Amino acid sequence: MATARLIFDTLLPVGEVNRRVFGSFVEHLGRSVYDGIYEPGHPTADERGFRTDVVELVKGLGVSAIRYPGGNFVSGFRWEDSVGPVADRPTRLDLAWHSTETNEVGLHEFSSWLETVGSELMLAVNLGTRGTLEALDLLEYSNLGGGSALAERRAANGHPAPFDVRMWCLGNEMDGPWQLGHRSADDYGKLAAQTARAMRAFDPELELVVCGSSSAHMPTFGEWERVVLTHSYDDVDYISCHAYYEEKDGDLGSFLASAVDMDSFIESVVATIDHVKAVKGSDHVVNISFDEWNVWYNERFEKVDKITGVDNWPVAPRLLEDAYTVADAVVVGNLLISLLRRADRVTSASLAQLVNVIAPIMTEPGGIAWKQTTYFPFALTSALATGSTVTTRIESDSYDTAAYGRVPLVDAVTTHDAATGRTSIFVVNRSRGDEVMLEFPLDGLGAVTDASAQTLSDADPYAVNTLQEPTRVGVAPNETLRVSEDGGSIVLPPVSWTVITLQSAAG
Ligand code: AHR
């Protein structure tokens, strides 16, 4: 058995955990909305057509803000199509996903669904094929109490109170050649700054997210952030990061170490933000909104699922419906560890996506909804990572990967909530074959009155939950946890994700 030692210090906080880190993303893509959250006629559908079984799963996931309506979709979207009487709404082509958008669900319906699930709306504006004026119109329609044609239109459409959207994304992945309206960093930076200033003329308190890179492996990565922030630094609050990971060529070892890439992505963007801040002599702090992250078998989408043909524009096709394995869930848990590790600078994040499309929740039309493997680390981290991330050090064996060189077998982060006295340790064992005995001193915690641990693992790292077998994989209590005055220990199975919670006196 391999060994590892974890040391945390509750007196050395890194940063407060912002609830917005547990955000998600609903795009008009595939069966995310239609036949996902919305399926009139489903036995569990409410009077609005929303599946209440899905609502319960979303609530259980503990999702804070939800980014909407895209994604690549937003760069061809006319928001006006999605409001007003449903019968009058136009059907449009969605060029991003080669699909048909009926506009049956739009801003009002989605906002009403968000109230039911208890999540905040994070809206993206189209800066791909549209511009500042349309963004301002959407802002006025959404957030002005009354007294203008757009505010009155919202009221006439059934919502007299403003939606009061606080978080706004200034476009989506504008660095990507696939994006409708893709621009250079210089052109996008100017447009984003101009739009941000115009939106702030309406409400200076809005929280604005400027587009960073679609991945740390884009050829423009680094320079994109520098140029875009040079134009927009004092006008925005966040720069976005997007990252998707997948196991390639059967290299499970590299895949399990995906968080190494996310760590380095975050560090590079923080350094670039702070460089621009220094050059400008600004007091303003820009943070990271990691508003698309997940495991995504993109290669399969590109080679097998991609829709083509000028006469082929399906409504709500099955797209990006990855079935997630135990290994995928361990990677997702590890990516959450990375996000929490920099709680001081990553203050917003969105798991992409929520239902059916690269999602923790799957649905069958007319049938059941179920939890994918990735549901468990997200739900438990959202529930248990409260208070602040605290300084955490790991000493563990390491292994060689083709993608990232030598990496530690064990990765972890600790949060401590002084108000409740709860300490949570989130930890992964990346070993493909070995259990790890993890030991951790409890100095500084005082008497631990309660301790428990839950682990996600399986003899088969490729086990999945499916329509036929929806509860094959889950989390189970880890009975190997030992806690005494001398410290704690636990055995971590190979390819596993674990959360340990320790209760001590508050304050
Ligand atoms: O989440 C799926 C897609 O991934 C989004 O539409 C896009 O922003 C990203 O490339």
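Strands β19 (residues 436-440) and β23 (residues 487-492) pair in the antiparallel sense over 5 bridges. Strands are DSSP runs of E with at least two residues, and helices are runs of H or I with at least four, numbered from the N terminus. Two strands pair if DSSP finds at least two bridges between them. Valine 436 has leucine 492 of β23 as its bridge partner. The model is predicted: local features need pLDDT of at least 70, side-chain atom pairs count only at pLDDT 80 or more, and totals for chains, interfaces and linings use all residues. Residues are numbered from 1 along each chain as its sequence is written, and side-chain values use heavy atoms, leaving out hydrogens and water.

An open, mixed sheet of 10 strands runs in the order β21-β20-β24-β18-β17-β14-β1-β19-β23-β22. Strands β21 (476-477) and β22 (482-484) stand at the edges. Each has a single partner strand, so one side of each lacks a neighbour in the sheet.

Proline 494 lies in the loop between β23 and β24. This proline is partly exposed, at 22% relative accessibility (buried is under 20% relative accessible area, exposed over 50%, partly exposed in between, with a 1.4 Å probe and protein chains only). The C-alpha atoms of proline 494 and glycine 433 are separated by 5.5 Å, although the two residues are 61 apart along the chain. Beyond four places in sequence, proline 494 touches residues including Asn429, Gly433 and Ser457 (contact means heavy atoms within 4.5 Å).

Elsewhere, the axes of helices α5 (residues 185-202) and α6 (residues 223-232) come within 8 Å and cross at roughly 35°. Axes are lines fitted to C-alpha atoms, for helices over the stretch in contact, and angles run from 0 to 180 degrees between N-to-C directions.
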